[in-house]
Structures are given as structure tokens and as C-alpha cells.
Amino acid sequence: MTALLAAESISAGYGDSRAVVDVSLEVGEGEVLALVGANGAGKSTLLRVLAGAHRPTAGRVLLRGDDVTHVRDFDRNRRGICLVPEGRRLFASLTVRDNLEVGAGSRRGGRWTVDTVVDALPMLGPLLDRNASQLSGGQQQAVAIGRGLMSNPDVLLLDEVSLGLAPIVIDELYESLAAVRGGGLGIVLVEQDLERTVAVADRIVCMLEGHAVLDGTPATLTHEQITDAYFGHALAFTDGGSGPAAGPGTEGASW
Ligand code: ATP
């Protein structure tokens, strides 16, 4: 079956330095793919390549099988790929409602309106008329996600949604994610917190120094394999002697 979004052998970098090296992955309809890895592993760069915000040096990005590698970020957004970047980037002088409306700029039809976004992210309800500059970090993050949803994407790329937030706020955001993921939306999630990742993801790809070194489901990957891949220990690379990526059939462990 054709993947909703696929990266095929993507390499990307900055000048002479390589940030992403020959990475392939796929996300299907309604699937949450978590991209994990240490700081500098290349996760944000890969998300930006998927969104059309950074040009790869090699490889292809396919949306429902169509090659969109050379489609610019604005047009990719119109076709259904939406990046919620790290750092929120709201319009500080606009209200929450106006910030959400900005997200609808692509004019794609679909289930997401201000009302349905507030249903999924209830913390936004009382804040609609408040200026974005007056929001806490967690509230800003919720607005950034809501703004992304307003474009009615087929694929949502979420970069470090929980960065710098209090655990209780992160819990609330993740509860909202459960409401968001229905209806076939594919999500690629960059997250530092491994336990949370394993709880929410259908599939996990671990990056290390630009490479995808592990790819599997929470049921088939052990905690040890994921942490070893994350920190670059040798164990993750020795599974079955077949190279870096651990495939299905790997013995699972409970978390
Ligand atoms: P983090 O969790 O710290 O954001 P990451 O896994 O998302 O890390 P990237 O931000 O993609 O990793 O960075 C991958 C590599 O590219 C790092 O070595 C980083 O220093 C480098 N890099 C990222 N952005 C730039 C940039 N604008 N210019 C030059 N190098 C960059």
C-alpha cells in the first residue's frame, strides 16, 4: 500500500556538514511515527526536509506516492503537509483566535475549525480572545498545534512539542494528541522523552548522527535497544547481524 508520506534515502546538511544521511521512513494514515535521538541527531532537519523548508542534497519525499521533493513549503502545506516547528513562532500581537485563523490560510477543507480545535485542545477555549504574548509556554504550544490543525493537514510534523514545559502541561497536550490523531491524520513526532514516545507511537525511528539506526514498533523493540540506539551503544547495531535497523520479529520487552 502507498504510504501517506515517505522519505526515500534523504540526505541533507548545512554547507559541508551533513545533518541527515540516507534516511528512509514511511508514515501511514492515522499512524504516529516518533523520531527520537539525541541533540543534533538530525531530527529537526529531517522534519524540515519533509515539510519543504530545507532542501535535501539527495533522496525524495513522496506524498501519497507523488514526488514533492521540489515542491516548496507553502505549496506542500496546501497539499496537506504541516510542520509545527520547535519554538512555537506565534504572532505575539494577535489573539489566539487570530493566530488559529492564520493557520487556515491554505483554505483546505476538512474537520478542523476554531470550534473543533478547541474541542481537541480544551485549554484554548478560555484563551481565544487573549493576546498570544500573554500565554504560558504550554498554552503557546497548544496554539501552535491548533494553528497547524487549522490547515487541515493529512500529515502533521510536530517538532519537540513538550520542550521546556511542565510535566502536567505535557500530559494535557498528549491527551489532546489522542483526540487529534483520529480521522486518518498521520503524525511525525519529534520527542526527547522516550517513555512518552513509546506510549504514544505506532512506530519509532531512532536517529544517531544523521543516520536512522533503529526502526520498529514499540511492541517489537526493547527498551534497551531504543536507549542503546539513542546513545550510540553497540548493542542496537548487532541485532541479527543484519545492519543498523531492527525489523519486525525482534523480541519485545515490557516498558
Ligand atoms: P535538537 O534536538 O538539538 O534540535 P536535532 O536532532 O533536531 O537536534 P538538528 O537540529 O537537525 O538535530 O541538527 C543536526 C545537525 O545539523 C547538528 O549538528 C546541528 O548543529 C546542525 N545544524 C542544525 N541547524 C543548523 C543550521 N541552521 N546551520 C548549521 N548547522 C545546523
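What is the strand order in the open sheet of six strands? Select that sheet to begin: the order reads 6-7-8-3-9-10, and the pairing is mixed. (Strands are DSSP runs of E, at least two residues, and helices are runs of H or I, at least four residues, both numbered from the N terminus; two strands pair if DSSP finds at least two bridges between them.) Before you go on, know that this is a predicted model in which local features need pLDDT of at least 70 and side-chain atom pairs count only at pLDDT 80 or more, while totals for chains, interfaces and linings use all residues. Numbering starts from 1 along each chain as its sequence is written, and side-chain values use heavy atoms, with hydrogens and water left out.

(For angles, axes are lines fitted to C-alpha atoms, for helices over the stretch in contact, and values run from 0 to 180 degrees between N-to-C directions.)

Now pick strand 3 (residues 32-36) and strand 9 (residues 203-208), a parallel pair with four bridges. To see one of the bridges, click Leu-33, whose partner in strand 9 is Arg-203.

Next, show helix 6 (residues 167-180), which packs on the sheet and touches strand 7 (155-159) and strand 8 (186-190). Contact here means heavy atoms within 4.5 Å. The direction of helix 6 makes about 160° with that of strand 8.

**The ligand**

Select the ligand and its shell, 13 residues of which the closest are Gly-40, Gly-42, Lys-43, Ser-44 and Thr-45.

A backbone N or O atom of Gly-40 sits 2.7 Å from one, and for a backbone N or O atom of Gly-42 the value is 2.9 Å. From Glu-160, a polar side-chain atom lies 3.0 Å from a ligand oxygen. On its own the ligand has 620 Å² of accessible area, and the protein covers 57% of that. (Areas come from the Shrake-Rupley method with a 1.4 Å probe; for residues, only the protein chains shown count as cover.)

Strand 1 and strand 2 are joined by seven bridges; look for Leu-5 opposite Val-27 in strand 2. Strand 1 (residues 5-14) also runs antiparallel to strand 4 (residues 58-63), over five bridges, with Ala-7 partnered by Val-61.

Follow strand 4 into its hairpin with strand 5, where two residues lie between them. Arg-64, in the turn, has a positive phi of about 45°. Also click Asp-22, in strand 2: its phi is positive too, about 55°, although it is not a glycine. Most residues other than glycine have a negative phi.

Notes: A residue is near a molecule or strand if one of its heavy atoms lies within 4 Å of it. A polar contact is a pair of N or O atoms within 3.5 Å; within protein, one must be able to donate a hydrogen and the other to accept it, and residues adjacent in sequence count only if both atoms are side-chain atoms.
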